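Good morning, and thank you for joining. Please take a moment with the sequence and the structure, and then I shall go through the main points in turn.

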Amino acid sequence: MRFADIIGNAEVAKALVSMADSGRVAHAMLMYENEGCGALALALAYVQYLNCSNPHDGDSCGECPSCRQMAKLIHPDVHYVFPVNKGPKTSDDKPTSESYINYWRELAVSNPYFTEADLQKAIGIESKNGLIAVAEAKSIISKLSLTAVSDGYKAVVFYLPERMNQETANRLLKMVEEPPEKTLFIFITHAPEKVLQTIFSRCQSIRVMPLTKEEAEEVRMLRPADDREEYDRFMEIFTDLMNAVLARDLMAALECGEMIAALESREKQKAFCNFAGGCIRKIFMIQQNMHQIAGVAEEEQEFYSSVAGRCGKGFCARSVSNIDKVVSMIDRNVNSKILFCDLVNRMFLSV
Ligand SMILES: [Zn+2]
């Protein structure tokens, strides 16, 4: 990935290039984005630039052996960590990212703007939550203790540190604090408030900005057509739901609950929950006067601003926590009609 291929976020790209050029390379960096805004693409372009043997005009060359390895995500000194779980695509009893690395490569090479749901689908764990467990920390520590194959930087691109438990974080902490020479950690998060403080506080944080309407459209074009249809469908249900809740129309709200419960699979219901959680996060940011980082597409501005103005203060926090609970109940096979009617009712009561 070259910086030239990144959609949007020119300022962030410039800042990364200037960090690399001036030699002020932070050994631990946390990139915070709304899902799908290109943090992974930026991280890949950054590592590629740092390790390129012929960088010029503020970008990697794209042709040297290191760039070619980066393009296929097979650079021997660059490691990837992402949330996993047991599943049909690996026989490992305690799977780590390594167990699924080929699927990760295939997904990220074809579209580095993928979502967490895309990743779960690609590695075949749609019905489970991905986790970053302690086996992962052990694997990373042993990889980083090996001598670098090339003379560039060793890097760990760490996707979704919020999926890591305390034990894993404790194991990694020393490495993140005092990494071996020319080693860097790049964490990519969609929920910085859920990243363990011990890790967060040791990172230089970078806000990856939301995309403009045109840029978001460009990213959407990278996706298969049925995914784009899904976005529109989810947005329609969420809009109807919020309108019903705010209009104090319980019947209409319950109908939305039934529509969510009628989505064709538990995976789709979970995908809707993730989607709705993302929407509510946007509402929360607007309520905090953080419009510029809320990541709202232009055509959705009016809806979000109106909703943000009409919801009470605690609504967003309560809803996100209720949605999180629903996701874990879906995993436990609880009847989805009951689950979603209850969720909608709670939203109705807390707005
Ligand atoms: Zn190069």
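This is a predicted model: local features need pLDDT of at least 70, side-chain atom pairs count only at pLDDT 80 or more; totals for chains, interfaces and linings use all residues.

Buried residues account for 40% of the 351 residues in the chain.

Turning to the overall fold, the chain contains 16 helices and five strands. Its radius of gyration is 21 Å, close to the 20 Å given by the globule rule for 351 residues, so the chain is as compact as a globular protein of that length. Taken along the principal axes, the C-alpha atoms fill a box of roughly 65 × 45 × 35 Å. Of the contacts with a separation of 6 or more, 75% join residues 24 or more positions apart.

How is the chain divided into domains? The assignment gives domain 1, residues 3-213, and domain 2, residues 224-350. Their centres, taken over C-alpha atoms, are separated by 29 Å. Domain 1 contributes 13 residues to the contact between them, and domain 2 contributes twelve. On the domain 1 side, these are six charged, four nonpolar and three polar residues.

The largest nonpolar core has 71 residues, and the members that touch the most others are Met-31, Leu-42, Ala-43 and Ile-186. Helix α2, residues 39-51, supplies the largest share of this core, with eleven residues. Which residues does Ile-186 touch, leaving aside those up to four places away in sequence? They are Met-29, Met-31, Ala-43, Ala-155, Val-157 and Phe-158. There is also a second, separate core of 33 residues, including Phe-238, Met-242, Phe-275 and Cys-311.

Thank you for your attention.

Methods:
Residues are numbered from 1 along each chain as its sequence is written. A nonpolar core is a set of buried Ala, Val, Leu, Ile, Met, Phe, Trp, Tyr and Cys residues joined through C-beta atoms within 7 Å. A residue is buried if 20 or more other C-beta atoms lie within 10 Å of its own, exposed if 12 or fewer, and partly exposed in between; C-beta atoms are placed from the backbone. Helices (H or I, at least four residues) and strands (E, at least two) are DSSP runs, numbered from the N terminus. Two residues are in contact if their C-beta atoms, placed from the backbone, lie within 7 Å. The radius of gyration is taken over C-alpha atoms; the globule rule is 2.2 Å times the number of residues to the power 0.38. Domain bounds come from an automatic or database domain assignment. Ala, Val, Leu, Ile, Met, Phe, Trp, Tyr, Cys and Pro count as nonpolar, Asp, Glu, Lys and Arg as charged, and the others, Gly among them, as polar.
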